[in-house]
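These are my notebook entries on a structure that I looked up. I record each item in the order in which I examined it.

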Amino acid sequence: MKLTLRVWRQRNAADDGAMSTYEVDGITPDMSFLEMLDTLNEKLILEGEDPVAFDHDCREGICGACSLVIDGDAHGPERTTTCQLHMRSFRDGDVIDVEPWRAAAFPVIKDLVVDRSAFDRIVQAGGYITAPTGTAPEAHATPVPKPDADHAFEHAECIGCGACVAACPNGAAMLFTSAKVNHLNVLPQGAPERETRVLDMVEAMDAEGFGGCTLAGECATVCPKGIPLSSITDMNREWLRATVKGARR
Amino acid sequence: MWDSTVGKKAVMAVSGLIMLLYLVAHMIGNLKVFFGPQEFNAYGHWIRTVGEPFMHYTWTLWIIRVVLVAAVVAHATAAYQLSRRDIAARPAKYVHARRRASYATRTMRWGGVILGLFVVWHILDLTTGHVHAGGFQEGHPYQNVVDSFSTWYGNVIYIVAMLALGLHIRHGFWAAAQTLGAGGRSRDRALKGVANLLALLLTAGFVAVPVGVMTQVVS
Amino acid sequence: MSYLRYTTGEPVADTKAPSGPVHERWDRRRFEARLVNPANRRKHTVIVVGTGLAGGSAGATLAEQGYKVVQFCFQDSPRRAHSVAAQGGINAAKNYRNDGDSVHRLFYDTVKGGDFRARESNVHRLAQISVEIIDQCVAQGVPFAREYGGLLDNRSFGGVQVSRTFYARGQTGQQLLLGAYQALSRQVAAGNIELHPRTEMLDLIVVDGRARGIVARDLVTGRIDTYFADAVVLATGGYGNVFHLSTNAMNSNATAVWRAHRRGALFANPCFTQIHPTCIPRTGDHQSKLTLMSESLRNDGRIWVPKARGDDRPPNEIPEEERDYYLERVYPAFGNLVPRDIASRAAKNVCDEGRGVGPGGQGVYLDFADAIGRMGRRKVEEKYGNLFEMYERITAENPYEVPMRIYPAVHYTMGGLWVDYDLQTTVPGLFAIGEANFSDHGANRLGASALMQGLADGYFVLPATLNDYLARHPHSEDVTAAHPAAREAVDATRERLQRLLSVDGDRTPDSFHRELGELMWELCGMARDEAGLREALTRIPRIREEFWRRVKVPGTGEEFNQSLEKANRVVDYFELAELMCLDALHRTESCGGHFREESQTPDGEAARKDDQFSYAAAWEFTGTGTAPVLHKEDLVFEYVHPTQRSYA
């Protein structure tokens, strides 16, 4: 396959950036999208050009590092991570636009690499259960009903890639935040901090400059792990419940 | 509550639901226009006497008006502040833009602005009579309605606004339920159904009046 | 060649493990270890490099204890450390199934599974701690799979006959890592951990014989900085990426451990690498990494190849009697659940016989038709759904209908920095935990034991043993960037990066990595022999020499530069690869993941030579390309007596 790529190039955070056009040849359908970019980069290096910077690591869809908007879709046309997108989803001669995540809270570092540390700070605000090492009771002391365990797991699957923010017309981090709130709040172990967790995490989310939720649903549409939109509804309920209870620390 | 995006959205949801409730009553009242001037005007009078003798004449109406104004102000202020925040949170657009959300969802902001402007016109037209076509007659709502919808622009403004209202409710009702945490996967289809039904009924119910005037069913 | 003429130095001994009954040693060590007064802990700074299961849990726990922790990861977030990708599960001797499991059995299985090349004291401690790990993780909210009664579910894994593996669908590593990451985040918020993401350790600073700091590069700005502490903990994972193609993440690398090795830490058993039997076969030269399919699939999937060579019929058209379920045939007791090294080698053997399937004949079938017939598709989906999805996404084949194709791939490295019972390397004050050390798995790691070891080291072992070191070295004199040792380390780092940038040749760093990896897979992979290893040891220095002549690294060092990061890692792979080959060459026995063609039983199984090689080989660095010094740690087996492993 031969493809035309239009890629966002930006030297650093201060630079303005613009789309640049490249041709790549010899692409096979078995390649992953990132392997296609590897091919481009090998070529660019030998031509003395700066290769395209992009975040990537595990390349098996679980670390959440890769983060490209491909033809306007976060992670591209398939519902998966960019690293698990294969070139068989494209056709010979296609023109493909590749851009970074766009959000005020995710400033561009270089080319397609953005700073997602805001997510870490949201978790730091309360996305945990306080259980210092050594304090744990026997694991079977508290059975967890299977539906609750499954519900927790479904939300715990979030890989923190930020596609939800990238796809959201408001640059909101509601799906990310709600996934963690729901994972921990549904478990009996998470109950003691149930109220403070949701209040603190939402506050941190707002402080990072993410937008608000207009329930456009784009986030859940692109989420590679299938975190449902109802996750946001559940978090809203948790937040209202905590607010009504007056559970401020 | 007001400091948080989630709280502000809850304020919008509650104020929106208050307005929605009012609209349902308003629409049912409007339909009385089809039963002739007497019944319609009597209804207009009744609104002012509701709650008597406990309430004084028009007290209940004023309470409703105050609540509604508070709801409109809260709704609009929250919407304005949240919109500014949302736009700031997404300063750079994608070169390759793609839209996937429904039309109703994408038009909430401008739809809201249209509805706001409409409400102002509507009050000046049929409550205070400042922009009324023909002679506005206090206490004769039937005639006022017929006058309004006898002008082409009166019909256009009204019908366009009611279509915007339908779209606004279609997304707004469902979204309000999500914002207040009342949604959920099992209830999602039901909520969407109710939202569509409400949007359809309200739009049809309201639009029926100008259509009635235009077709001379109401004259 | 001078490199081959290694010398044997003084034996290295673990002086920290107490004697006495094996099950009392950990208690004794903890009792005998000196403690740091809680009020004094704040005065101690500990550097932790890496935020995976070992590093994340260690950082969180040390901070909880009151130490000031300075922690690093090269990823943009601690949550992305490669532990996240572990699929199958984590072992613990809970005996919830009442199927005869016990701490002693887990200990026994691990020593045996490691082919008697691990230290008994360490392994027993690991088995003891395993049960506490599960309690800890459940308390943190790790959503392990549960049964309808609300209690934890277990499954069985390769190499054992009990069900002791706890799991969270196919994402156990992710869930455990998030638990550690959340605990870490809590400590970051509390101000007890200073976190440096996108920062890569490039050298170790040793002052007066003790590890006192690191040199690290901010990957965003390119700034090179020094950080100082009273102790340095390396939790930087394994070195599987020496092979270029492996199941490791693209950026997993060996630079931290290798730089520590160059600064005096002995490197043990580098040739003990694990080839995982169930990975998705490669599709072409563009391949950048290999993807693992959890070993748990072997619980219900049946492995087979056609009986006839070159049978290229589609799998569903090959009748039952023309299929060879070779693992079930050769190892009837364990069947498809034999340990990884055995399963991998068996796959290689049938492919070498010409019975491999798929493009290039480099694959075997993993068939779920029977499982679907037995349990129903729904149940199979519940257990393995995400793995099947992943497989289909990569291969565009539906494993519910067509058998999966799998082939072995480099997955884990048992070797690593030599550590004593306290997990301290031979450089005082430098500790290595998790996959970065060599300690617990011997020559082969059992499935679901890596997560167990990472968390045991991080949550429980290191926090106890580090106390002892810090108590014995009460608040050390401050070291600053002006110290000659620090300046020397910084200068050396700068010079190395500058040299990489200035070659301006005509080959990319990745092309060298690929060349080295192919050589290693060919000559130091699943089966090794003397001629091949000697050839590798001749070729590696040549590639290295060519690298320094022809590599092209674009850009500068003062910016975000992924090519420079890559090139700098490749530099260390060359030296490490050389040591792996030398270690493999010197160990003329077969054991676990190390299979020497010259040392096998008549029926092709690995033949150990306990009389000659019952030791851990700890190598001392003497210079690039110059012969290292071998220090042996004799292994004593008091409880599990070495026998030829039998899984038949």
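I looked up the buried residues of helix α11 of chain C and found C:V380, C:K383, C:Y384, C:L387, C:F388, C:M390 and C:Y391. I count a residue as buried if 20 or more other C-beta atoms, placed from the backbone, lie within 10 Å of its own. Helices (H or I, at least four residues) and strands (E, at least two) are DSSP runs, numbered from the N terminus. The cover over these buried residues includes α10 (369–375) and β17 (404–413) of chain C.

This is a predicted model, in which local features need pLDDT of at least 70 and side-chain atom pairs count only at pLDDT 80 or more, while totals for chains, interfaces and linings use all residues. Residues are numbered from 1 along each chain as its sequence is written, and chains are lettered from A in the order in which they are written.

Next I checked the course of α11(C). I noted a bend of about 80° at C:Y384, taken as the angle between axes fitted to the seven residues ending there and the seven starting there. After α11(C) comes C:A396, with a positive phi near 65°.

I then turned to the sheet of chain A. Its 5 strands form an open, mixed sheet in the order β2-β1-β5-β3-β4; two strands pair if DSSP finds at least two bridges between them. I identified β2 (18–24) and β4 (73–74) of chain A as the edge strands, each pairing on one side only. Strand β1 (residues 3–9) of chain A pairs with β2(A) in the antiparallel sense over 7 bridges. I found A:V24 in β2(A) as the bridge partner of A:L3.

Notes: Buried ≥ 20, exposed ≤ 12 C-beta atoms within 10 Å, placed from the backbone. Contact = placed C-beta atoms within 7 Å.
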